[in-house]
Amino acid sequence: MIVQAIATNVITGFLGVGKTSFIQGLLASKPSNERWAVLVNEFGEVGIDGSLLGSSDNQVQIKEVPGGCLCCAAGVPLQVAITELIRRSKPDRLLIEPTGLGHPKAIIKLLMQSQLASTLKIEQSLCLVDATKVADKRYTEHDIFQQQIQIADTVLAAKADSYQSDELKQLQQLLKAWQLEANLVPLSSINADTERFASDYQPLLHGRSAQAAHLAQSVKPAAMSVLQPVSIFADTAPQQIDFDADGCFHCSNSHDGFETASWVFDVSYEFEFDALVSWIKSLSVLRLKAVLITDEGIAAFNYVDGQLSVQELDDVMDSRLEVIADSVQQWSTITAQLQAMSKRYA
């Protein structure tokens, strides 16, 4: 039986703003006497962020929900995922990272309804924003971008150490123009400074969310009827990957005007690192994330706004890649290109 409601934070931000890296820093600096859990929602059909957040620390449990926004299907995927994660990990704190193209208002409202309301204590909501995008109407006029900032108790100005002199001021002006009372906190490029995270960013998680309370007032009681009861002891099966004869799985989909594609290659594939780097930099896509077994070791690739970052990893069960684009792509061509950059070992 759950006696005390679980402190819960929603951490949002648009594509490629650095949510996963920020959560890595929070996990590395968490109090040693607390158990934490992280629920990650990925826009693509296969999970990648779990490999990036995965920790050998048994005080942290990670669960991925791939395949679109958590709030879809009347919130059932969200309820099932949370109840399973709570059952398995019995956390003191739950961090929820919606996809960068998710609907955060709907997620917050769902967290405050049905049986989840008595299980979770919604604390501060954080939104990472790249202030260099504030002048771009493709961001500021995008409904999801607006929602992410509107539900935030604190806006973190991500990558603040790379801003031009007036860009942080432009973000301040945007918050004022939208009549938002969120705190604005500069966030420098993420590094392994756990003491800085413990002193500067951990305190931002604590305290009731004023924005969530405001949203709760607008929830109509009738909305409760569309939520299906989910037992706290519910379980879900692990994601199944059906490889073809070549040891490859591929799928694609469309969500909210965006095109997504996902690939999984079984453990027999080894990719040529240098060729991958050149190939990724040649792509014209909004976002690419990958965790791949290469001839130079296991690496995580993150490509956004024409910038590629690479992180070394210790272990994975297979190779995974996801792409988000704003136009229809020849996904079969990309599959052939990936296979041409790899060797397969029996």
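Q: Is glutamate 123 buried or exposed?
A: In this predicted model, a residue counts as buried under 20% relative accessible area. Glutamate 123 has a relative accessible area of 7%, so the residue falls below that cut-off. Glutamate 123 is therefore buried.

Q: With which side chain does glutamate 123 meet in a salt bridge at 3.0 Å, N to O?
A: Side chains of opposite charge can pair when their charged atoms come close. For glutamate 123, a salt bridge with an N to O distance of 3.0 Å is found. The side chain that meets glutamate 123 there belongs to arginine 93.

Q: How many residues apart in sequence are the parts that arginine 93 and glutamate 123 tie together?
A: Arginine 93 lies in strand β4, residues 93–97. Glutamate 123 lies in the loop between β5 (120–122) and β6. The pair therefore ties together parts whose separation in sequence is 30 residues.

Q: Is arginine 93 buried or exposed?
A: The relative accessibility of arginine 93 is 4%. The cut-off for a buried residue is under 20%, so arginine 93 counts as buried.

Q: Which residue is linked with Arg93 and Glu123 in a network of salt bridges?
A: The structure holds six salt bridges. Arg93 and Glu123 belong to a network of such bridges.

Q: What is the N to O distance in the salt bridge between arginine 138 and aspartate 136?
A: Arginine 138 is exposed, with a relative accessible area of 65%. The side chain of arginine 138 meets that of aspartate 136 in a salt bridge. The N to O distance is 2.8 Å.

Q: How many residues apart are aspartate 266 and arginine 344?
A: The side chains of aspartate 266 and arginine 344 meet in a salt bridge at 3.1 Å, N to O. Aspartate 266 is in the loop between β10 (258–265) and β11 (269–271), while arginine 344 is in strand β16, residues 342–344. The pair links distant parts of the chain, and the separation is 78 residues.

Q: Which residues is valine 267 in contact with, leaving aside its neighbours within four places in sequence?
A: Valine 267 lies in the loop between β10 and β11. At 56% relative accessibility, valine 267 counts as exposed. Leaving aside neighbours within four places in sequence, the contacts of valine 267 are Ile293, Met317 and Asp318.

Q: Which residues gather with Asp295 in a patch of negative charge on the surface?
A: Aspartate 295 lies in the loop between β12 (287–294) and β13 (297–304). At 43% relative accessibility, aspartate 295 counts as partly exposed. The residues that gather with Asp295 in the patch are Glu272, Asp274 and Glu296.

Q: Which residues of helix α7 are buried?
A: Helix α7 spans residues 143–150. The cover over its buried residues includes β1 (6–13), α4 (104–111), β6 (126–130), α6 (137–140), β7 (154–158) and α8 (167–177). The buried residues of α7 are Ile144, Phe145, Gln147, Gln148 and Ile149.

Q: What is the phi of lysine 90, which is not a glycine?
A: Most residues other than glycine have a negative phi. Lysine 90 is placed in the loop between α3 (76–89) and β4, and it is exposed, with a relative accessible area of 62%. Its phi is positive, at about 45 degrees.

Q: What value is the phi of lysine 159 near?
A: Lysine 159 is placed in the loop between β7 and α8. At 28% relative accessibility, lysine 159 counts as partly exposed. Its phi is positive although the residue is other than glycine, with a value near 60 degrees.

Q: What percentage of the residues of the protein count as buried?
A: The protein has twelve helices and 16 strands. It comprises 346 residues. The part that counts as buried is 52%.

Key. Residues are numbered from 1 along each chain as its sequence is written. This is a predicted model: local features need pLDDT of at least 70, side-chain atom pairs count only at pLDDT 80 or more; totals for chains, interfaces and linings use all residues. Side-chain values use heavy atoms; hydrogens and water are left out. Patches are made of residues with over 30% relative accessible area and no salt bridge: like charges are joined within 9 Å, nonpolar side chains (Val, Leu, Ile, Met, Phe, Trp, Tyr) within 5 Å. Accessible areas come from the Shrake-Rupley method with a 1.4 Å probe; for residues, only the protein chains shown count as cover. A salt bridge is a side-chain nitrogen of Lys or Arg within 4 Å of a carboxyl oxygen of Asp or Glu. Lys and Arg count as positive and Asp and Glu as negative; His and the chain ends are not counted. The place of a charge is taken as NZ of Lys, CZ of Arg, CG of Asp or CD of Glu. Helices (H or I, at least four residues) and strands (E, at least two) are DSSP runs, numbered from the N terminus. Buried means under 20% relative accessible area, exposed over 50%, partly exposed in between (1.4 Å probe, protein chains only). Contact means heavy atoms within 4.5 Å.
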